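Please look over the chain below, first as a whole and then residue by residue. The text after it is meant to be read with the model open.

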Amino acid sequence: MADVTSLRKGNIFVEGDVLWRVMEFHHIKMARGGATIRLKVRNVRTGSLVEKTFNNGARVEDVRLEGRTMEYLYPEGDQYVFMDTNTYDQVSLTQEILGEALNYLSDNQTLEVEFYGEEALGVTLPTTVDLQVTWAEMAVAGDTANNPTKAVELESGLKLQVPMFVKEGDTIRVDTRDGRYVTRV
């Protein structure tokens, strides 16, 4: 059991039979009343977003997920297939479970897949990933004032702004926390 004041973004807890992942955490102190904890949480299995309010001192059952090293193989309809690098078992995850991680997946990429028992719940992305540029806007000579950028599309389908010198076919490093360009590799 964990005190709700110890929960932070990304933590998972069980309430009833439902697994919740904390998306936002707000500690609200009233003038004369006790403090309340307001959480924005996502149902790990269905992806629905809900706000929950707890009194200060309330306790919830926290959950520790097991991480297994798996390799991303290929998409199959709306499922994405991963293979355990030790046992060669395959697991399929849906678009709803992967969410924003889809923007950073590339073939044969090794990731940590989070498991609760035998149920796959999501992936843990590295801080940065290297992706190839599949389309780049043309750079126009003379567009050099005030740190100019241009739009590109990466192999995963992610579109972002990069410096003018990046061209189609380059491999660039992208920060998975905020989707920003880091450097050309």
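This is a predicted model: local features need pLDDT of at least 70, side-chain atom pairs count only at pLDDT 80 or more; totals for chains, interfaces and linings use all residues.

Residues are numbered from 1 along each chain as its sequence is written, and side-chain values use heavy atoms, with hydrogens and water left out.

The secondary structure of the chain consists of 1 helix and 16 strands, where helices (H or I, at least four residues) and strands (E, at least two) are DSSP runs numbered from the N terminus. The chain is more spread out than a compact globule, because its radius of gyration is 20 Å, well over the 16 Å that the globule rule gives for 185 residues; the radius is taken over C-alpha atoms, and the rule is 2.2 Å times the number of residues to the power 0.38. Along the principal axes, the C-alpha atoms fill a box of roughly 65 × 50 × 25 Å. Of the 185 residues, 37% are buried, a class that means under 20% relative accessible area, as against exposed for over 50% and partly exposed for values in between (1.4 Å probe, protein chains only).

The accessible surface of the chain comes to about 10900 Å², and 46% of this surface belongs to carbon and sulfur atoms; such areas come from the Shrake-Rupley method with a 1.4 Å probe, and for residues only the protein chains shown count as cover. Among contacts (heavy atoms within 4.5 Å), those between residues 24 or more positions apart account for 42% of the ones with a separation of 6 or more. The chain carries 20 positive and 29 negative side chains, with the centres of the two sets 11 Å apart.

The interior can be followed through its nonpolar cores, each a set of buried Ala, Val, Leu, Ile, Met, Phe, Trp, Tyr and Cys residues joined through side-chain atoms within 4.5 Å. The largest of these cores has 15 residues, of which F82, L93, L98, L105, V113 and V123 touch the most other members. At least two residues of this core are supplied by each of β7 (66–76), β8 (79–84), β9 (90–94), β10 (110–116) and β11 (119–124), and β10 gives the largest share, 3 residues. Apart from this core lies another, of 14 residues, among them L160, V166, I172 and V174.

Not counting residues up to four places away in sequence, M83 touches T69, M70, E71, L73, Y88, D89 and Q90.

Y88, in the loop between β8 and β9, has phi near 65 degrees and is exposed, with a relative accessible area of 57%. N108, in the loop between α1 (95–98) and β10, has phi near 60 degrees and is likewise exposed, at 52%.

F54 and T5 are 49 residues apart in sequence, and their C-alpha atoms are 9.4 Å apart in space. R38, in strand β4 (residues 36–43), counts as partly exposed at 35% relative accessibility and touches E24, F25, H26, I28, E51, K52 and T53, again not counting residues up to four places away.

Some C-alpha separations give a sense of distance across the model. R38 and M83, 45 residues apart along the chain, are separated by 38 Å, and M83 and M138, 55 residues apart along the chain, are separated by 38 Å. For E71 and A136, 65 residues apart in sequence, the separation is 28 Å.

Technical notes:
Lys and Arg count as positive and Asp and Glu as negative; His and the chain ends are not counted. The place of a charge is taken as NZ of Lys, CZ of Arg, CG of Asp or CD of Glu.
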